[in-house]
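Here is a short note on the model, point by point. Please read it with the structure open.

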Amino acid sequence: MSAWFGDHQVLDRVSLTMEAGIITSLIGPSGCGKSTFLRILNRMHELVPSASLAGEVLLDGEDIYDPTRKLVEARKHIGMVFQKPNPFPAQSIYDNVVAGLKLTGTRVSREEKDALVESCLTKAGLWKEVKDRLRAPGAGLSGGQQQRLCIARSLAVRPRVLLMDEPCSALDPTSTRVIEETMLELAHEVTIVIVTHNMQQAQRVSQQCAFFLAAHGTPGAIVEHGDTDAMFADPIDPRTFDYVNGRFG
Ligand SMILES: Nc1ncnc2c1ncn2[C@@H]1O[C@H](COP(=O)(O)OP(=O)(O)OP(=O)(O)O)[C@@H](O)[C@H]1O
């Protein structure tokens, strides 16, 4: 993928395979294009009026940018969780979880909805805490609970991929730990790609890792990618070594 905002190129021929059933983390200093890359993966980049891109995003061999494919299809298969939890504040916890069904035109019975709400909240590690107040507004939850509600909302449309853009950066260490446990449990059924500035988090949760860098005045590119343990213990590129050891960024 290459990407631009107007005539400012922010990614240059970035190519990465994010394997099914595992967690891949994207690391690198601020401004190197990690979030842009993530947004390209579920067609959010094109929402910015000046944005353009070149390349392909293949999900099981099919390009999500194929003009014959609908935008809503890509979003359904590839969910996203953002830095700041963004539940619909006035909607109930229950309605937040099923909000995506309407958007994707999925019709389900009341019983199916109830079962879906329970299973998604359980997978997101929130069911026990909210099962007795499903009709209370989403805004009444703590930040960490709201983030897990957003994960449950993403799961309700049964995505194959879940993109997470610094999902714990607004959370305390306890909530962060709960989200990380949730991610590790979910990874068996949904492929997860996470952008994180937290090197310990990248090591704790991800099996694969990609290091992005935008050298002075040049667009972002991947310096090195591969097995997370190897990249932290014995990186090939000296710039990766410096970054993972906190020498810059
Ligand atoms: N909406 C936008 N309009 C114009 N330029 C943008 C826009 N969003 C991002 N950029 C630019 O694209 C480049 C990459 O930004 P991006 O947010 O992808 O980096 P990042 O690695 O995710 O940074 P951070 O770690 O700080 O979130 C930066 O130079 C940024 O200023």
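**Notes on the ligand shell and a helix pair**

1. The shell around the ligand divides into four nonpolar residues, six polar and one charged. This is a predicted model.

2. Which residues are they? Around the ligand sit Phe-5, Val-10, Gly-28, Ser-30, Gly-31, Cys-32, Gly-33, Lys-34, Ser-35, Thr-36 and Val-48. Helix α1, residues 34-41, supplies the largest share of this shell, three residues.

3. On confidence: the protein chain has a mean pLDDT of 94. Residues at 70 or more make up 100% of the chain. For the complex, the predictor gives an ipTM of 0.96 and a pTM of 0.94.

4. Now the helix pair. Helix α3 spans residues 93-103, and helix α4 spans residues 110-123. They pack at an angle of about 95°, and their axes are 10 Å apart. Angles of 65 to 115 degrees count as roughly perpendicular, so α3 is roughly perpendicular to α4.

5. What makes the contact? From α3 come Tyr-94, Val-97 and Val-98. From α4 come Lys-113, Leu-116, Val-117, Cys-120 and Leu-121. The residues of this contact divide into seven nonpolar, no polar and one charged.

6. On annotation: an unreviewed UniProt entry carries "domain: ABC transporter" over residues 1-244. In the model, the end C-alpha atoms of residues 1-244 lie 24 Å apart. That span is 37% helix and 20% strand.

Note on methods: Residues are numbered from 1 along each chain as its sequence is written. This is a predicted model: local features need pLDDT of at least 70, side-chain atom pairs count only at pLDDT 80 or more; totals for chains, interfaces and linings use all residues. pLDDT is the predictor's confidence in each residue, from 0 to 100. Axes are lines fitted to C-alpha atoms, for helices over the stretch in contact, and angles run from 0 to 180 degrees between N-to-C directions. Helices (H or I, at least four residues) and strands (E, at least two) are DSSP runs, numbered from the N terminus. Angles under 35 degrees count as roughly parallel, over 145 as roughly antiparallel, 65 to 115 as roughly perpendicular and the rest as oblique. Two residues are in contact if their C-beta atoms, placed from the backbone, lie within 7 Å. Ala, Val, Leu, Ile, Met, Phe, Trp, Tyr, Cys and Pro count as nonpolar, Asp, Glu, Lys and Arg as charged, and the others, Gly among them, as polar. UniProt positions are given in the numbering used here, feature names are shortened, and annotations may be inferred rather than shown by experiment. A residue is near a molecule or strand if its C-beta atom, placed from the backbone, lies within 6 Å of it.
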